[in-house]
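Student: Could you walk me through this one while I have it open? I'd like to start with the helices.

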Amino acid sequence: MKSNENYYVLFCQTLKANKLCKNLNLKDNVYAFIPRMETYLHVKDLIVLKDMFPGYIFVRSTMNQNDFNTLIYSLKEERDGLIKELKKKEVSALSKDEISLFDQLLDKNGILKMSYGHKEQGKTIATSGPLVYFKDSIIDTNRRDMTATLNIAFMNRNIKAGIMIGKTD
C-alpha cells in the first residue's frame, strides 16, 4: 500500500457485488476488489476461491473521504446493490493496522493464498504462504477443511485462512 492510500469498505447485496466492483474499477484512482481466499474443496480435492467477507467490497484509493463520498453519490444507477459504506468518523474505513494486516495477508489481486505447513507437538506450523508471518496467531485448524483460524478479529469475527497440513506447495 502507498502511504497516501485509503481503504474504504462497501457493504452491498452479495449477488451484485461483482458488478459493482467492475463499475468502480472503471473510475480513475480506484481499485475495488472482493477479498477472497484459497480454500480446499474436500469433495473434489481441489483448491477454490471463496469470498472472505461475503457482501463486502474493499476499495483502495488516494481520494479523501469527501471525494470518495462524492464519487459514490455520482455513480447513480452504477451503484445498484450498494447498501452502505462502512465509516469511522469521516476517515478511511480501515485503520493503519488493519491496512497493514491485509497488505500482509492478501496478494495484489486481493486473494489470500493457500499456506502450507505441518503439526508439531499439537501446534500448527506454517512453513510457506502468508500464514508464515502469523504462525503465532493460529489458534485452531480444521484438517478436513484445511483452514486455520487466527486470533485476529475483523468485522467482529476471527479471520480464517486456508492451510494444507502435511502437504507442500
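**Helices and their cover**

Student: What covers the buried residues of H1?

Tutor: The cover over the buried residues of H1 includes S1, S2, S5, H2 and S6. Cover here is a matter of contact, meaning heavy atoms within 4.5 Å. Helices (H or I, at least four residues) and strands (E, at least two) are DSSP runs, numbered from the N terminus. One caution: this is a predicted model, where local features need pLDDT of at least 70 and side-chain atom pairs count only at pLDDT 80 or more, while totals for chains, interfaces and linings use all residues. Residues are numbered from 1 along each chain as its sequence is written, and side-chain values use heavy atoms, with hydrogens and water left out.

Student: Thanks. Which residues of H1 are buried?

Tutor: Ala 17, Leu 20, Cys 21, Asn 23 and Leu 24 are the buried residues of H1. Seen down the axis of H1, they fall within an arc of 160 degrees, so they line one face of the helix. The arc is that of the directions from the helix axis to the C-beta atoms. On the other side of H1, Lys 19 and Lys 22 are exposed. For the labels, buried means under 20% relative accessible area, exposed over 50%, and partly exposed in between (1.4 Å probe, protein chains only).

Student: And which residues are buried in H2?

Tutor: In H2, residues 65-74, the buried ones are Gln 65, Phe 68, Leu 71 and Ile 72. Down the axis of H2 they fall within an arc of 120 degrees, so they too line one face of their helix. Asn 66, Thr 70 and Tyr 73 are exposed on the other side of H2. The cover over the buried residues of H2 includes S1 (6-12), H1 (17-25), S5 (56-61) and S6 (82-86).

Student: What happens at the start of H2?

Tutor: There, a side-chain oxygen of Asn 64 reaches to within 3.1 Å of the backbone nitrogen of Asn 66. After H2 comes Lys 76, with a positive phi near 50 degrees.

Student: Where else is phi positive in a residue other than glycine?

Tutor: Asn 29 is one case, with phi near 65 degrees. Asn 29 sits in the loop between H1 and S2 (31-33). Asp 45 is another, at about 55 degrees, in the loop between S3 and S4. As background, most residues other than glycine have a negative phi.

Student: Switching topic: is Glu 85 buried or exposed?

Tutor: Glu 85 counts as buried because its relative accessibility is 16%. Glu 85 lies in S6, and its side chain makes a polar contact of 2.8 Å with the side chain of Gln 65. A polar contact is a pair of N or O atoms within 3.5 Å; within protein, one must be able to donate a hydrogen and the other to accept it, and residues adjacent in sequence count only if both atoms are side-chain atoms.

Student: What else does Glu 85 touch, leaving out residues up to four places away in sequence?

Tutor: Besides Gln 65, Glu 85 touches Tyr 8, Val 9, Leu 10, Phe 68 and Asn 69. Tyr 8 also has a polar contact of 3.4 Å with Asn 6, side chain to side chain.

Student: How many salt bridges are there?

Tutor: The structure holds seven, a salt bridge being a side-chain nitrogen of Lys or Arg within 4 Å of a carboxyl oxygen of Asp or Glu. Lys 113 pairs with Glu 38, their closest N and O atoms 3.6 Å apart. That pair links distant parts of the chain, 75 residues apart: Lys 113 is in the loop between S7 (111-112) and S8 (115-120), and Glu 38 is in S3. Asp 107 also bridges to Lys 113, at 4.0 Å, and Glu 38, Asp 107 and Lys 113 are linked in a network of salt bridges.

Student: Last one: which residues form the nonpolar surface patch?

Tutor: Leu 41, Val 43 and Leu 46, with about 270 Å² of accessible area together. Val 43 is in the loop between S3 (36-41) and S4 (46-51), and counts as exposed because its relative accessibility is 74%. Patches are made of residues with over 30% relative accessible area and no salt bridge: like charges are joined within 9 Å, nonpolar side chains (Val, Leu, Ile, Met, Phe, Trp, Tyr) within 5 Å. Accessible areas come from the Shrake-Rupley method with a 1.4 Å probe; for residues, only the protein chains shown count as cover.
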